[in-house]
Amino acid sequence: MTVAPLTRPARLRPGDRVAVVSPSGPVPEDRLLAGLAVLRGWGLDPLVMPHALDVHPELPYLAGTDEDRARDLTDAWCDPSVSAVMCARGGYGAQRMADLLDWPAMRAAGPKVFIGYSDVTALHDAFALRMGLATLHGPMAGAVTFLQEATTQESLRATLLAPETVRTLGLAGARPMVPGRARGVTLGGCLTLLAAGLATPHARTSLRGGLLLLEDVGEEPYRIDRVLTQLLRAGRFDGVTGVVLGSWEECGPYAEVRATLLDRLAPLGVPVVEQLGFGHSPVNVTVPLGVPAVLDADAGTLTLEVPALR
């Protein structure tokens, strides 16, 4: 089965309500408040869900209980006044609550914008499979990069409010790892989360026809090798048309990371671009998932064939 383009939700307009949820780890209140101020500055109306600032009483790496985190996301999605749902931060925990979401009710509520990255990769895949919905791999409301970095903010703002102006993605430092040009549907996210999703109810069984986005943080080269090898042995990358690499912050010297990526990915025989500028990096460009695009590795660009949002 070939990956097909997914349903794109509608763009946001000034005054639209954006619900903020914490499906994974806890977020410091001061950072969340700063993120809300950014959204308000764009003319949007942020709504903090009841458990967004929770901390699990026994497992402090979780933003409250699985049930409460799932309830917040379900309630936000099913609220007819909400046009978008933005995650507060990543960390860990999205997989734990994915099966607790009320998917039938959320499908009935219709398409909305969903934004996040890192651990939220588990939910991007779930939204694609359970709802057929294109989502945004982009910064989160309480992330330091979103609060402090102008290019990161502008990339998301333009994608949300004027998506037709954001068609060619890539930073000046993007360059070919394996030259060439390819077309496909964007998918992927955090490397370790893609591996953790293997054989789970919300994981794709085929990436054929996909342009695969990969990035990660805090993984040494041998661990990157191990995860890539697991995915390759599982046939997870069979049929991908190209690979788009983001950031590898805190993964060791980039020369070693690059050698590992080249060793594992070049044998796929498809174009690979590196350092496009998304993920856990000083600049986190918003990239839609589920949208047809053209990768030009030689030019260091990813060009959307349609705007991220309708």
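A quick word on names before you click: helices (H or I, at least four residues) and strands (E, at least two) are DSSP runs, numbered from the N terminus. Residues are numbered from 1 along each chain as its sequence is written. You are looking at a predicted model, where local features need pLDDT of at least 70, side-chain atom pairs count only at pLDDT 80 or more, and totals for chains, interfaces and linings use all residues, while side-chain values use heavy atoms, with hydrogens and water left out.

**Stop 1: the whole thing**

Start zoomed out. The protein's secondary structure comes to 10 helices and 14 strands. Along the principal axes, its C-alpha atoms fill a box of roughly 50 × 45 × 35 Å.

Now colour by burial: buried means under 20% relative accessible area, exposed over 50%, and partly exposed in between (1.4 Å probe, protein chains only). Of the 310 residues, 58% are buried. A contact means heavy atoms within 4.5 Å. Among contacts with a separation of 6 or more, 82% are between residues 24 or more positions apart.

**Stop 2**

Two strands pair if DSSP finds at least two bridges between them. Select β2, β1, β3, β4, β5 and β12, in that order: these six strands form an open sheet with mixed pairing. Its edge strands are β2 (45-48) and β12, each pairing on one side only. Neighbouring strands in this sheet are turned by 25° against each other on average, direction ignored.

Zoom in on β1 and β3, which run parallel and are joined by five bridges. Click Val21 and look across to its bridge partner in β3, Cys87.

Next, show helix α1 (residues 29-41), which lies across β1, β2 and β3 and runs at about 155° to β2. For that angle, axes are lines fitted to C-alpha atoms, for helices over the stretch in contact, and angles run from 0 to 180 degrees between N-to-C directions.

Then move to helix α2 (residues 66-78). Its 13 residues reach 18 Å from first C-alpha to last, close to the 18 Å expected at 1.5 Å a residue; the expected span is 1.5 Å times one less than the number of residues. Which way do its buried residues face? They pack against β1 (17-21), β3 (82-87), α3 (94-98), α4 (103-109), β4 and α5. Among the buried ones to click are Leu73 and Trp77.

**Stop 3: the eight-stranded sheet**

Now select the other group: β6-β14-β13-β8-β9-β10-β11-β7, an open sheet of eight strands with mixed pairing. At the edges stand β6 (168-169) and β7 (175-178), each with a single partner strand, so one side of each has no neighbour in the sheet.

Is strand β8 (residues 181-190) largely enclosed or left open? Eight of its 10 residues are buried, so the rest of the structure largely encloses β8. Five bridges join β8 to β13 (residues 292-296), and these two run antiparallel; find Arg181 opposite Asp296 there. With β9, strand β8 runs parallel through six bridges, and Leu187 has Leu212 as its bridge partner.

Step on to β10 (residues 242-249), joined to β9 by six bridges and running parallel to it. Leu213 stands opposite Val244 here. Helix α10 (residues 254-265) lies across β7, β10 and β11 (272-274), running at about 50° to β7.

**Stop 4**

Select Ser118, in the loop between β4 (113-116) and α5 (121-131). Its phi is near 65°, a positive value in a residue other than glycine, and Ser118 is buried, at 10% relative accessible area.

Compare Ala199, in the loop between α8 (191-196) and β9 (210-217). Phi of Ala199 is also near 65°, but Ala199 is exposed, with a relative accessible area of 84%.

Last, find Ser281, in the loop between β11 and β12 (287-289). Ser281 counts as buried at 10% relative accessibility. Leaving out residues up to four places away in sequence, Ser281 touches Thr145, Ser247 and Glu249.
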